[in-house]
Amino acid sequence: MAPVILVVDHDAGSRHVLLDDLTRRLGEAFTVKGARSPEEACDALKDMDRAGESVALLMVDDACADVLPRAHELYPSAKRVLMVDRDYTSTSPAVQAIALGYADYHLVRPWTNDETMHRAVSEFLSSWTEEQEPTFELFRVVAEMDDPRMLRLRDVMARFNLPFVVHPPGEETGRRLLREAGVDASRLPVVIRYDGRAYVDPGVPDLACAIGVSVENDLEVCDVAIVGAGSAGLTAAVYAASEGLDTVLLERAFSGGQAGTSPMIRNYPGFPHGIAGGYLMERTCEQAWLMGAHIVFAQQAVGLEDRGDRRVVRMVDGTEVSARAVLISTGVDWRRLGVPGLEALVGSGVFYGMAVGESRAMRDQDVFIVGAGNSAGQGALHLAKHARTVTLVVRGDSLAKSASTYLVRAIESTPNIVVRRRTEVAGCEGGDRLRSLTLADRAAGTTERVPAAALFIMIGGEPHTEWLPDGIAGDEHGYLLTGREIYDRAPSRWPLDRDPMPLETSMPGVFAAGDVRKDSIKRVASAVGEGATAVRSVHEYLAL
């Protein structure tokens with residue numbers, strides 16, 4: 001049964017034209033239906049639900065917008081498009097609908113041509129398709145569903161947008177795959193690529209090889225070495241390589257950083273409906289590669305040395321990269337919560353950051369998020385599409401102090417998100433996986449034990465700078481000092497007569513950008529800007 005596109009438009013002429021056009025273009029893959037009012041649309045949705053039909057897209061004109069929240073209850077995964085007249089004022093129905101989460105997208109009428117409209121509709125449908133179970137199994141994984149190692153596998157697959165399906169070893173398909181791969185069930189998990197190659201209990205380098213990215217550096221001497229492939233590092237690689245610098249980008253795991261784990265970034269310029277962080281970082285990584293950057297994954301930097309006019313990055317495997325300049329963009333690691341027993345459950349219901357690959361596993365579950373910033377808010381909205389309830393556990397008395405206004409409004413309007421203010425996680429229970437949490441209400445002085453399928457912890461980060469030498473100055477928390485901050489906080493650490501360049505650390509020729517830098521603005525666009533700025537400073541340094 002083909003998925004349904006439902007057009008709800010009170011104007012008969014407009015509705016018929018749109019129905020005919022969509023049927024002509026998409027009729028082979030989708031069933032296109034129409035309704036002339038919210039009531040008629042709700043009746044049609046109920047009938048489709050009883051018949052077991054899936055709904056991919058609702059296209060609703062603003063006069064029928066009342067149907068959107070009711071449709072979402074029946075079909076929470078369907079993409080909702082609000083069609084509005086051209087009106088770029090703050091009172092446009094689209095502004096409120098998008099901000100409050102009633103609609104996922106909008107279309108402005110009249111569209112300039114049919115191709116503009118269909119390009120947008122294709123984007124909306126593509127987004128819906130990506131959230132469904134894959135029809136092509138690029139990777140087949142044989143593993144127990146509650147195996148903690150599945151977290152790593154799911155994270156890698158989700159970051160690279162790779163379709164995969166997990167088959168338990170006790171089921172016939174799982175047993176058959178193991179037989180064909182010549183592997184017994186005692187050596188799980190097993191990842192089987194589409195061509196039949198099997199990877200037994202793969203580590204990060206194995207997974208990198210499985211998806212076809214490089215884990216070995218073939219350029220030991222370069223102009224600039226970039227350590228860390230988050231927003232800042234990837235952007236720097238794009239600009240450095242495109243401007244003729246021999247560029248090596250080194251990443252201890254996979255590209256994307258914290259931005260790559262964000263299910264939706266709504267405030268990045270140029271994407272009015274938001275963009276998945278993993279997709280944005282994937283595209284930027286591909287852009288850096290096409291510009292000529294040498295990108296090496298699963299290679300952790302463990303040391304940095306000043307050797308005359310070269311800066312040498314030492315890797316965990318014993319290899320070295322000698323560069324004329326180095327950019328540190330290693331970002332931050334999520335701060336640990338420090339609750340007894342919690343660390344033992346990491347990967348088994350407890351996750352640091354937003355584990356995008358776990359979203360489907362949260363269907364109809366009660367999940368909790370600790371945090372009050374944008375990352376926590378974005379994670380809550382994403383999980384609310386799958387989970388029965390999402391509870392935000394917030395130490396302070398307000399989300400508004402740390403999260404963007406658009407996120408606060410969307411959270412408040414999402415019925416299955418609960419915000420528990422002035423509350424902390426005080427304990428947990430679970431054997432093989434998380435079963436329950438103990439929440440402490442600081443205002444009331446009470447504790448409560450609640451069932452919990454998962455806990456996502458997003459309470460800020462600690463800079464990944466422990467591998468750097470003492471010659472690079474940081475603040476009391478390890479964030480790197482750059483530019484004028486060196487004079488302000490550690491003037492004795494700067495060894496030269498000239499002033500430090502923008503984003504230059506206290507080791508000349510070594511620069512820092514993104515979250516690893518002191519007082520950086522914790523936004524993806526800011527990290528992108530710093531990555532580009534750092535390359536400008538590198539050029540100036542190399543010209544000395």
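Reader: In which loop is the place of R435?
Author: This is a predicted model, with residues numbered from 1 along each chain as its sequence is written. Local features need pLDDT of at least 70, side-chain atom pairs count only at pLDDT 80 or more, totals for chains, interfaces and linings use all residues, and side-chain values use heavy atoms, with hydrogens and water left out. Helices (H or I, at least four residues) and strands (E, at least two) are DSSP runs, numbered from the N terminus. R435 sits in the loop between strand 21 (423-429) and strand 22 (436-441).

Reader: Why does R435 count as partly exposed?
Author: Buried means under 20% relative accessible area, exposed means over 50%, and partly exposed lies in between (1.4 Å probe, protein chains only). R435 counts as partly exposed because its relative accessibility is 46%.

Reader: Which residues does R435 touch, not counting those up to four places away in sequence?
Author: A contact here means heavy atoms within 4.5 Å. The C-alpha atoms of R435 and V450, 15 residues apart along the chain, are separated by 8.8 Å. Beyond four places in sequence, R435 touches E429, G430, P451 and A452.

Reader: Is S537 buried or exposed?
Author: S537 belongs to helix 14 (residues 524-542). Leaving out residues up to four places away in sequence, S537 touches M501, P502 and F511. Its relative accessible area is 2%, so S537 is buried.

Reader: How many of the residues of strand 1 are buried?
Author: In a regular strand, side chains alternate between the two faces of the sheet. In strand 1, V4, L6 and V8 on one side are buried, as are I5 and V7 on the other. Strand 1 (residues 4-8) is mostly covered, and its buried residues number 5 of 5.

Reader: What is the handedness of the β-α-β crossover from strand 1 through helix 1 to strand 2?
Author: Two strands pair if DSSP finds at least two bridges between them. Strand 1 and strand 2 (residues 31-35) pair in the parallel sense over 5 bridges, and V4 stands opposite T31. A crossover is right-handed if, with the strands pointing away from the viewer, the path from the first strand over the helix to the second runs clockwise. From strand 1 through helix 1 to strand 2, the β-α-β crossover is right-handed.

Reader: Which residue in strand 3 is the bridge partner of V7?
Author: Strand 3 (residues 55-61) also pairs with strand 1, in the parallel sense over 5 bridges. Within strand 3, V7 has as its bridge partner M59.

Reader: At what angle do the axes of helix 1 and helix 5 cross?
Author: Two packed helices are described by the angle and the distance between their axes. Axes are lines fitted to C-alpha atoms, for helices over the stretch in contact, and angles run from 0 to 180 degrees between N-to-C directions. The axes of helix 1 (residues 12-26) and helix 5 (residues 114-130) come within 12 Å and cross at roughly 65 degrees.

Reader: How do the residues of the contact of helix 1 with helix 5 divide?
Author: L18, D21, L22, R25 and L26 in helix 1 meet D114, E115, M117, H118, V121 and L125 in helix 5. Ala, Val, Leu, Ile, Met, Phe, Trp, Tyr, Cys and Pro count as nonpolar, Asp, Glu, Lys and Arg as charged, and the others, Gly among them, as polar. The contact of helix 1 with helix 5 divides into 6 nonpolar, 1 polar and 4 charged.

Reader: In what crossing does helix 11 pass helix 12, left-handed or right-handed?
Author: The axes of helix 11 (residues 374-383) and helix 12 (residues 405-412) come within 10 Å and cross at roughly 35 degrees. N374, G377, Q378 and L381 in helix 11 meet Y406, L407, A410 and I411 in helix 12. A crossing is left-handed if the near helix is turned anticlockwise from the far one by less than a right angle, and right-handed if clockwise. The crossing of helix 11 past helix 12 is left-handed.

Reader: Which residue in strand 9 is the bridge partner of V191?
Author: An open sheet of 4 strands has the order 7-6-8-9, with mixed pairing. Strand 8 (residues 190-193) and strand 9 run antiparallel, joined by 3 bridges. In strand 9, V191 is partnered by Y199.
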